[in-house]
Amino acid sequence: MWTQRIKTGLVTTTAAASLLLLAACGPSPSPADSSSAPPTSSTPSPSSTSASPTPSATTTPSQPPTTTPTSAPPAAVGQCKADSLTATTDSTGGGAAGSVYEKLILKNSGTAPCIIEGFAGVSLTADANGDPIGEPAARESTTPVTKIELAPGKAAWAEIRYTQAGNYGDCTKVSAAGFRIYPPNDTASLFVAEPHDACSNAGIKLLTVTAFQAV
């Protein structure tokens, strides 16, 4: 009976060993039986990689440089003309050897400065609009010519020398009412009432005049 139990145990042990051997040699589990999760794709989705578009910078057109307005340059000072001058004479200069020296004064009676330069034209006339009687004044060049700017109210002067008509035996005397004055570089004239004897015949020069000087 004991022998029978041993045989039965051996049979059981052998059968169990056979089952274990068959399980070890059987096929491996299919992928469907695996509990691991499917691999996640490493490619990023468009929604996760696309950045919001950055608006392009707006270029502001350059502005022209701002310029500071400048004042206009002052107008050039023009020549003194008869319509803005007043003429007078000053005969306190005395005289010698039959001659009288006096100042011819031209005053700027206008509202703007002006330039006076050079010699005036001076003649003895019968009235303010009359023609010259005899020879006009000769220029006395001992005084240099200078440019003088006369502000309104300012004056310049030149010296006139008048030689007595009686000094000339061949003088044909004519009464003159005064001097007709042409400012330098002007065709309009001024009149200074100052009676003198004049010589109507040509060739006798009773008058000389210097260039203008500043007062």
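This report walks through the disulfides and the salt bridge in a predicted model.

## Two disulfides, paired in order

Let's start with the covalent links. A disulfide is a covalent bond between the sulfur atoms of two cysteines. The structure has two of them. How do the bonded cysteines pair up when numbered in sequence order? The pattern is 1-2, 3-4.

## Cys80 and Cys114

As for where the partners sit, Cys80 is in the loop between helix 2 (46-49) and strand 1 (85-90), while Cys114 belongs to strand 4 (residues 114-117), so the bond ties together parts that are 34 residues apart in sequence.

## Cys171 and Cys199

The other link to look at joins Cys171 to Cys199, with an S to S distance of 1.8 Å. Its torsion about the S-S bond is -110°, and the link is left-handed. Cys171 is found in the loop between strand 9 (155-163) and strand 10 (173-182), and Cys199 is in strand 11, so parts that are 28 residues apart in sequence get tied together. Both Cys171 and Cys199 are buried.

## The salt bridge

Now for the charged side chains. Side chains of opposite charge can pair when their charged atoms come close. How many salt bridges does the count give? It comes to one. The partners are Glu135 and Lys205, whose side chains meet at 3.5 Å, N to O. That pair makes the count because 3.5 Å falls within the 4 Å cut-off.

Which parts of the chain does this pair link? Glu135 sits in the loop between strand 6 (132-133) and strand 7 (138-140), and Lys205 in the loop between strand 11 (190-199) and strand 12 (207-210). These are distant parts of the chain, with the two residues 70 residues apart.

What about accessibility for Glu135 and Lys205? Glu135 has 23% relative accessibility, so it counts as partly exposed. Lys205 has a relative accessible area of 42% and is also partly exposed, because that value lies between the 20% and 50% cut-offs.

Notes:
Residues numbered from 1 in each chain as written. Predicted model: local features only at pLDDT ≥ 70, side-chain atom pairs only at ≥ 80, totals over all residues. Heavy atoms only, no water. Helix = DSSP H or I, 4+ residues; strand = E, 2+ residues; numbered from the N terminus. Buried < 20%, exposed > 50% of the residue type's maximum accessible area, 1.4 Å probe, protein only. Disulfide = S-S within 2.5 Å.
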